[in-house]
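Let's take a walk through this structure together.

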Amino acid sequence: MVILLFFRIFFCLPVFVLTNVQANKLWIRKQVTMINLILFGPPGSGKGTQASKLVEKYQLLHISTGDLFRYEIGNDTPLGLAAKAYMQKGELVPDSVTIGMLRNKVAANPEAHGFIFDGFPRTVAQAEALDELMAERGTAIDKLILLDVGDDEIVDRLLERGKTSGRTDDRNETTIRKRIAVYRAETSPVFDYYAEQEKSVKVAGVGSITAIFDRLCAEIDTMALG
Ligand code: ADP
């Protein structure tokens, strides 16, 4: 009898503890999904590629302003018409247009657990508008992750992408260089804006897609556990 009791405790307790560890892990994973992330970096840094992998793992809603604009252009909407000329020149679409579109997209998804913003914010004014929008939802941006890639690598990648993507802004080296210059002048200050809130981190954006993905996940998981 005593021996039986001893075996019960000896075998059941670890099973009980392990089950709870698993449950806690799941609970933590659930919390991990409640995040709002900005995937940041120059054009061609791999934001779109990584965002779709992150969406799968963390079940977040991916919002790419570039994709939204291309959708509007494809459907010949007034918004698409307003954006087209700027995009073809490699310039930013005016904040008033972009912020309005982003607001609508967020408002259309009240059930979302969290967001991955890709290509937004691209100016400090957009970042301020995003913070306001998140506050209205009773939430906030948790982290901005910069995919760090050098200019020459970017030009090579975009010219390569232009061969198959059907994107006219990827075929012309002048437009590509213009987009990089706009990024350095108008967009990179967004990194400092979130650095002041201690939310900005940098991750090397070179190497294999999987290696970069692992770096991003490490950042996200640290945040969730820290
Ligand atoms: P990439 O990051 O490769 O340049 P995107 O698809 O993110 O590509 O953006 C393509 C173009 O769409 C930009 O060059 C710009 O003209 C326009 N655009 C996208 N997002 C924004 C934004 N947040 N603010 C202003 N313009 C934007």
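**Around the ligand**

The ligand is surrounded by 17 residues, and the closest are P43, T65, G66, L92 and G119 (a residue is near a molecule if its C-beta atom, placed from the backbone, lies within 6 Å of it). Helices here are DSSP runs of H or I with at least four residues, strands are runs of E with at least two, and they are numbered from the N terminus.

Before going on, keep in mind that this is a predicted model: local features need pLDDT of at least 70, side-chain atom pairs count only at pLDDT 80 or more, and totals for chains, interfaces and linings use all residues. Residues are numbered from 1 along each chain as its sequence is written.

Where does the ligand lie? Domain 1 (39-60 + 121-226) and domain 2 (64-112) both give residues to its shell, so the ligand lies between them; the domain bounds come from an automatic or database domain assignment.

Most residues other than glycine have a negative phi, and most peptide bonds are trans. The bond from F120 to P121, however, is cis, with omega near -5°. P121 sits in the loop between β3 (115-118) and α6 (124-136).

Q59 is not a glycine, yet has a positive phi of about 50°; look for Q59 in the loop between α2 (47-58) and β2 (61-64). E198, also not a glycine, has a positive phi near 55°, and is found in the loop between α9 (189-195) and β5 (200-204).
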